[in-house]
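Hi everyone, thanks for coming. Please have a look at the structure on the screen, and I'll walk you through it step by step.

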Amino acid sequence: MGPEELTTLLWRERELLDLLVFKLDEEHLILQSGKTRWLDHATREVEHVMDRLRAASLERTAVASAVAVEWGLADNATLQDLAAAAADGPWGEILSAHFAALSTQVDQLRSLRDTNLQFLRAGLRSAQETVAGMAPDAGTYNHLGHTRQDAGSRFLDQSV
């Protein structure tokens, strides 16, 4: 396992992050349109990409650990550590470019996640307010033990 395999895995991880950005954008558009019928499908697709991303990340971590040990670093060296320790040649620049691209993608994902959470929270508040408005008013009791609603309906019954 060497830097070539690590770079290949980093490319795969970047592609999955791009796919995740796309899926979160889809989810955002669904939330924004109010057509929540498809929200469950979109969420499942996001979860599927997340599962694939976790697996890719684990594989990349194992290879990065092997490269770090090969280059005389601790096995938990970061991508930045690997870029800094890369021997003369293209690896330092390549790994730095991967780190920069991954950082940008993670920032995009955080922004999309936060925006989608705001939409979801607003939707939840709206649903809660709607349900609360549907609950019948309990009313208050008068001196005869009837609620005002009861008294009003009895008044209407007597006047007919």
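Let me begin with a definition. On a 1 Å grid over the protein atoms alone, a cavity is a set of points where a 1.4 Å probe fits but cannot get out, while a pocket is an open set with protein on both sides within 12 Å along at least five of seven lines; lining residues have an atom within 4 Å of a point. Before we use that, a word on the source: this is a predicted model, where local features need pLDDT of at least 70 and side-chain atom pairs count only at pLDDT 80 or more, while totals for chains, interfaces and linings use all residues. Residues are numbered from 1 along each chain as its sequence is written, and side-chain values use heavy atoms, with hydrogens and water left out.

So, the chain as a whole. It has five helices and zero strands, with helices taken as DSSP runs (H or I, at least four residues), strands as runs of E (at least two), both numbered from the N terminus. Of its 160 residues, 28% are buried, and here buried means under 20% relative accessible area, exposed over 50%, and partly exposed in between, using a 1.4 Å probe and protein chains only. Contact means heavy atoms within 4.5 Å. Among contacts between residues at least 6 apart in sequence, 62% join residues at least 24 apart.

Now to the largest pocket. How many residues line it? The answer is 29, and Glu13, Leu17, Leu53, Val106 and Leu109 lie nearest its centre. Its volume is about 610 Å³; grid points are joined across faces, edges and corners, and the volume is the space filled by probe spheres set on the points. At least two lining residues come from each of α1 (3-33), α2 (39-70), α3 (79-85) and α4 (91-134). Which helix gives the most? That is α2, with 10 residues. By class, the lining has 15 nonpolar, seven polar and seven charged residues. For these classes, Ala, Val, Leu, Ile, Met, Phe, Trp, Tyr, Cys and Pro count as nonpolar, Asp, Glu, Lys and Arg as charged, and the others, Gly among them, as polar.

Let's zoom in on glutamate 13, which sits in helix α1. Is glutamate 13 buried or exposed? Glutamate 13 counts as buried because its relative accessible area is 7%. Leaving aside residues up to four places away in sequence, glutamate 13 touches Leu53, Ser57 and Arg60. With arginine 60 there is also a side-chain polar contact of 2.6 Å. A polar contact is a pair of N or O atoms within 3.5 Å; within protein, one must be able to donate a hydrogen and the other to accept it, and residues adjacent in sequence count only if both atoms are side-chain atoms.

Threonine 7, in helix α1, is buried at 11% relative accessibility. Its partners, again not counting residues up to four places away, are Trp91, Ile94, Leu95 and His98. Serine 33, in helix α1, is partly exposed, at 44% relative accessibility. The side chain of serine 33 reaches the backbone oxygen of isoleucine 30 at 2.9 Å.
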